[in-house]
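Me: I would like to go through a model feature by feature and learn how to read each one. Please show it first.

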Amino acid sequence: MGEGEVISASAHYLTPTEGGGDAWSAEAASAGRRGTQRVVSAGEVAAPEGVAGLLAVEQGGQVIGRRRIMYLDGEPCELTDTYYPLEIARGTGLVGAAKIRGGAVRLLAELGHVGVRAREDVAARMPSESERAELALKADEPVLELTRLTLDADGRPIQVDVMVMPPRGQKLRYEIRIG
């Protein structure tokens with residue numbers, strides 16, 4: 001890894017963190033950078049088109065959504081929308097805009113919802129006008145959209161993350177256990 005280079009490894013975001021920190025801050029710090037985040041909104045929302053099917057809710061059905069902007073050294077670098085089924089998240093800290101100590105994965109585990117399998121899809125596309133503004137992108141700059149579905153041991157969906165980021169400087173790392 002080059003000096004100051006942040007490599008995003010999905011595995012860091014799928015297991016509870018120790019000591020109450022968050023995975024993004026730790027990943028950035030390991031490269032000598034400063035990773036922060038801001039929760040823009042949280043609460044019940046209509047499931048976006050692609051998310052409804054992943055969470056096994058009817059089109060436009062209600063889910064809990066949390067929208068965050070991730071920053072690297074003070075600059076916006078990723079928009080992250082996370083969605084949870086109502087029966088899992090209603091009445092929990094996932095509904096509020098406050099930061100969740102130890103992260104959402106730890107809170108889900110404490111509630112008895114442990115992810116054992118994740119599927120990720122990555123696509124390149126042009127950003128919407130709001131994404132372009134929020135990420136301070138140039139007019140012709142595309143984005144990567146990473147969608148992660150997390151399933152529990154019974155194959156039930158417990159979380160969907162939709163992350164939008166500029167491809168410049170991005171490195172995604174996948175480690176896959178075979179067998």
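Me: How many salt bridges does the count come to?

Reply: This is a predicted model. The general idea is that side chains of opposite charge can pair when their charged atoms come close. The cut-off here is a Lys or Arg side-chain nitrogen within 4 Å of an Asp or Glu carboxyl oxygen, and by this rule the count comes to 11 salt bridges. One of them joins the side chains of Arg125 and Glu145, at 2.8 Å from N to O.

Me: What is the distance between the closest N and O atoms of Arg148 and Asp161?

Reply: The closest N and O atoms of this salt bridge are 3.7 Å apart. Arg148 sits in strand E6 and Asp161 in strand E7 (residues 157-165), 13 residues apart, and the pair links distant parts of the chain.

Me: Is Arg148 buried or exposed?

Reply: Arg148 is buried, with a relative accessible area of 5%.

Me: Which residue forms a salt bridge with Asp152?

Reply: Arg156 does, with the closest N and O atoms 3.0 Å apart. Asp152 counts as buried at 7% relative accessibility, whereas Arg156 is partly exposed at 47%. Salt bridges can also share partners: Glu120, Arg148 and Asp161 are joined in this way into one network.

Me: Turning to strands, how many residues of strand E3 are buried?

Reply: In strand E3 (residues 62-72), 9 of the 11 residues are buried, so the strand is largely enclosed by the rest of the structure. Strand E2 (residues 35-46) runs antiparallel to E3, joined to it by 11 bridges; within this pairing, Val39 has Arg68 of E3 as its bridge partner. E3 also runs antiparallel to E4, with 10 bridges between them, and Tyr71 is partnered there by Pro76 of E4.

Me: What phi does Asp73 take in the hairpin of E3 and E4?

Reply: Asp73 takes a positive phi near 50°, in a hairpin with 2 residues between the strands.

Me: Where is Thr80, and which residue does its side chain meet in a polar contact?

Reply: Thr80 is in strand E4 (residues 75-85), and its side chain makes a polar contact of 2.7 Å with the side chain of Glu78. Thr80 counts as buried, at 3% relative accessibility. Leaving aside neighbours within four places in sequence, its contacts include Arg66, Arg68, Met70 and Val162.

Me: How many residues has the largest nonpolar core?

Reply: It has 11 residues, among them Ile64, Tyr84, Leu94, Ile100 and Ile158. Helix H3 (86-89) and helix H4 (103-110) each supply at least two residues of this core. Ala89, one of the core residues, touches Ile64, Tyr84, Leu94 and Val95, not counting residues up to four places away in sequence. Another core, of 10 residues, lies apart from it and includes Ala47, Val63, Leu149 and Val162.

Terms used:
Residues numbered from 1 in each chain as written. Predicted model: local features only at pLDDT ≥ 70, side-chain atom pairs only at ≥ 80, totals over all residues. Heavy atoms only, no water. Helix = DSSP H or I, 4+ residues; strand = E, 2+ residues; numbered from the N terminus. Buried < 20%, exposed > 50% of the residue type's maximum accessible area, 1.4 Å probe, protein only. Polar contact = N/O pair within 3.5 Å; in protein donor to acceptor, adjacent residues only side chain to side chain. Contact = heavy atoms within 4.5 Å. Core = buried A, V, L, I, M, F, W, Y, C linked by side-chain atoms within 4.5 Å. Pairing = 2+ DSSP bridges.
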